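Biologist: I'm new to this one. Can you put it on screen and walk me through it?

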Amino acid sequence: MKRKVFVAGVGMIPFSKPGKSDPYTVMGERAARLALDDAGVPYSEVQQAYVSYVYGDSTAGQAAIYRVGLSGVPVFNLNNNCSSGSSALFLARQAVESGMVECAIALGFEQMVPGALKGAYEDRPSPMARFADTMTTLQGYEPTAPRAAQLFGGAGRDYIKQHGIRPDTFARISVKARQHAARNPMAVFRDTVTLDEVMASPKVFDPLTRLQCCPPTCGAAAAILCSEDFARRHGLDMRVSIAAQAMTTDMPSTFDAGDMRQVVGYDMTKAAAQQVYEAAGIGPEDIDVVELHDCFTANELITYEGLGLTPEGTAEKFILEGDNTYGGRVVTNPSGGLLSKGHPLGATGLAQCAELTWQLRGQADQRQVEGARFGLQHNLGLGGACVVTLYQAA
């Protein structure tokens, strides 16, 4: 029988540009200690640790968590590309829900370098080769443009072709992201921008300009998950629980549909969201606040539809009518999202968890979504994996 899982504590450090951060070991320790302090739990009570990062050596998780304590518990190192943080959260939740453990920590960090993402090895097959080949078949390849921008920019192009929206609709998402990030002291980019400034920034890959692409970022975040019995025994915060969670990977449509939206995970998103809604017995109309994977503006737009926040083909109307922000139907990325808060790959999913936990507790200060009861998290990694998590306030 599945047990209820509570988010007893969360911790996050301010994100920063590459070269401006502490080493990953220090960042990871700080985030873990913040989460433990928030929960009011000593590390000696944690029975398993799931640690996520993408750019780092094996057992970097131990190197970070050992600074918190040497308790001998299992430590698992996770790399699932940009969905690594939520993959750690998924496994920690699964361990608690199944009864294997009473308390687990999920910790994510990333110490990045400037510039576009690239693989670490050139002497072996790339995990992204099939995606790159499919993209090249569908739209060609531009050697001077970052591959990720070509993948997600291509999804934006295909959406324009199918639904006839204006290219500046994507740019409006960046304007919204900066407005939200201006209220978030943890975000990297807190200066607001105008639509004209977004459109005038250097072109990366049409329709994407530089201000529509998330920056390489350093940072760390963590969450303490526990069972109801554990929470009651220790007098822990039980205001936020994980109501449902699903993880999906690629399906045949990723490579066979002839649509760049599928290549970048639209069907993974849609399937995971449907599983979550079905398990929780609610629908997208019940969601109050969302933290979704806006690595590029094009992905935020197609994700609105993948999560069911607006019907397919209506994302432009959703944006133009302000239904994606305060005063609208659902507040998306109140933190500023990856576009403005930053995207330290291994930490992103856990930073999303922290933001939604604060929102459902009523602790989000100037970013607070009033009366938020259901929070939805969407974290996507190409290669690929998608994790959708539903949080519920008590």
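Biologist: Is Tyr53 buried or exposed?

Modeller: Tyr53 is buried, with a relative accessible area of 6%. Buried means under 20% relative accessible area, exposed over 50%, and partly exposed in between, with a 1.4 Å probe and protein chains only. Before we go on: this is a predicted model, where local features need pLDDT of at least 70, side-chain atom pairs count only at pLDDT 80 or more, and totals for chains, interfaces and linings use all residues. Residues are numbered from 1 along each chain as its sequence is written, and side-chain values use heavy atoms, leaving out hydrogens and water.

Biologist: How many aromatic pairs are there?

Modeller: The count comes to 6 aromatic pairs. Rings of Phe, Tyr and Trp (its six-membered ring) pair if their centres lie within 6.5 Å; planes under 30 degrees apart are stacked, over 60 edge-to-face, and the rest tilted. Tyr53 and Phe109 have ring centres 5.3 Å apart and planes at 5°, so they are stacked.

Biologist: Where do Tyr53 and Phe109 lie?

Modeller: Tyr53 is in the loop between β2 (48-52) and α2 (60-65), and Phe109 is in strand β4 (residues 103-110). The pair therefore ties together parts that are 56 residues apart in sequence. Helices (H or I, at least four residues) and strands (E, at least two) are DSSP runs, numbered from the N terminus. Phe109 is buried, at 2% relative accessibility.

Biologist: Which residues form one aromatic cluster?

Modeller: Tyr24, Tyr53 and Phe109.

Biologist: New topic. Which ring does the charged end of Arg183 sit over?

Modeller: The ring of Tyr326, at 4.4 Å from its centre. The rule is NZ of Lys or CZ of Arg within 6 Å of the ring centre and within 35 degrees of the ring normal. Arg261 lies over the face of Tyr266, 5.4 Å from the ring centre.

Biologist: Now Asp158. Which helix is Asp158 in?

Modeller: Helix α5, residues 147-163. Asp158 is buried, with a relative accessible area of 12%.

Biologist: What is Asp158 in contact with, leaving aside neighbours within four places in sequence?

Modeller: Gly258, Asp259 and Met260. Contact means heavy atoms within 4.5 Å.

Biologist: What comes just after α5?

Modeller: Gly164, with a positive phi of about 65°.

Biologist: Last one. Which side chain does Glu97 join by a polar contact?

Modeller: That of Arg93, at 2.8 Å. A polar contact is a pair of N or O atoms within 3.5 Å; within protein, one must be able to donate a hydrogen and the other to accept it, and residues adjacent in sequence count only if both atoms are side-chain atoms. Glu97 is in helix α3 (residues 84-98) and counts as buried at 16% relative accessibility.
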